[in-house]
Amino acid sequence: MASSPSFSLVSFSHVNTEPSFILLSSRQNLVPLSPKRQCLRVFHRRGRNNSVISASVSIPAQEVSSSSSQRQPDELAASIFSKVMQTDRGVTLTREQHLQVAELAGELSKYCVDSPVKCPLIFGDWDVVYCSNPTSPGGGFRSGLGRLVFKTNEMIQIVEAPDIVRNKVSFLALGFLDGEVSLKGKLIVLDEKWIKVVFEPPELKIGSLGFQFGGESEVQLEITYIDDKLRLGKGSRGSLFVFQRRNP
């Protein structure tokens, strides 16, 4: 399959390179309704006094420590956001700070649902707020020289049921020209956590000019965590991506 010379998934890259937007979806016949019913297991039984006892479980019990020092998902997610926000999606972080983010993401991944590709929480609008390889989201546009010429405004990903992903990178070129690169992809589920995304050729708009360029491209990635506010993923070469839901 031909590769795009500039924009694939979240990046301006070639086939099988690190994705810049981690795309999540499922080809199952899912609808983005009642996500808690889809992602949590709810159990009901009656006690001796005929009262109903209910419990909700989102992770395997054996993976959660009973220690009082065990950090909960909300706390871990808040810590991740506090470290990656206002860092130009990871560009200004030191190596030590990147390692801290990776450690937090590893802890949070223990709380991931069993089959994240089937979870309807993946649907919606997401901001790309971090990548452990800062030049991966946007490719050449995010290199040291590229950032001097193209100032990134937004990196947005829209995941639509059942298997459509739309990526958009908006930027300001040379300090005065509004620009945008958009890409549409189709998801193919490989297993409970891994997916492949096949993308159509990207479209570039600068000012009043717009055109399509390059060819199709594809990437593979693993979904490591998903909830109503945060999404984590790893590209095939190990890069970590953090997404924040827009207007949750």
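**Notes on a predicted model**

1. Q157 lies in strand 4, residues 150-160, and its side chain makes a polar contact with the side chain of R231 at 2.3 Å. A polar contact here is a pair of N or O atoms within 3.5 Å; within protein, one must be able to donate a hydrogen and the other to accept it, and residues adjacent in sequence count only if both atoms are side-chain atoms.

2. A word on the ground rules. This is a predicted model, where local features need pLDDT of at least 70 and side-chain atom pairs count only at pLDDT 80 or more, while totals for chains, interfaces and linings use all residues. Residues are numbered from 1 along each chain as its sequence is written, and side-chain values use heavy atoms, leaving out hydrogens and water.

3. Now the overall picture. The protein chain has four helices and 12 strands; these are DSSP runs numbered from the N terminus, with helices being H or I of at least four residues and strands being E of at least two. Of its 248 residues, 46% count as buried.

4. Have a look at strand 3, residues 124-131. Seven of its eight residues are buried, so strand 3 is largely enclosed by the rest of the structure. Strand 3 runs antiparallel to strand 12 (residues 240-245), and five bridges join them; two strands pair if DSSP finds at least two bridges between them. Within this pairing, Y130 stands opposite V242 of strand 12.

5. Y130 and V242 turn up again in the largest nonpolar core, which has 43 residues; along with I80, L108 and L230, they have the most contacts inside it. Such a core is a set of buried Ala, Val, Leu, Ile, Met, Phe, Trp, Tyr and Cys residues joined through side-chain atoms within 4.5 Å. A second, separate core of five residues includes F171, A173, L204 and F213.

6. With 66% relative accessibility, R95 counts as exposed. R95 and S132 sit 37 residues apart in sequence, and their C-alpha atoms are 9.4 Å apart in space.

Terms used
Buried means under 20% relative accessible area, exposed over 50%, partly exposed in between (1.4 Å probe, protein chains only).
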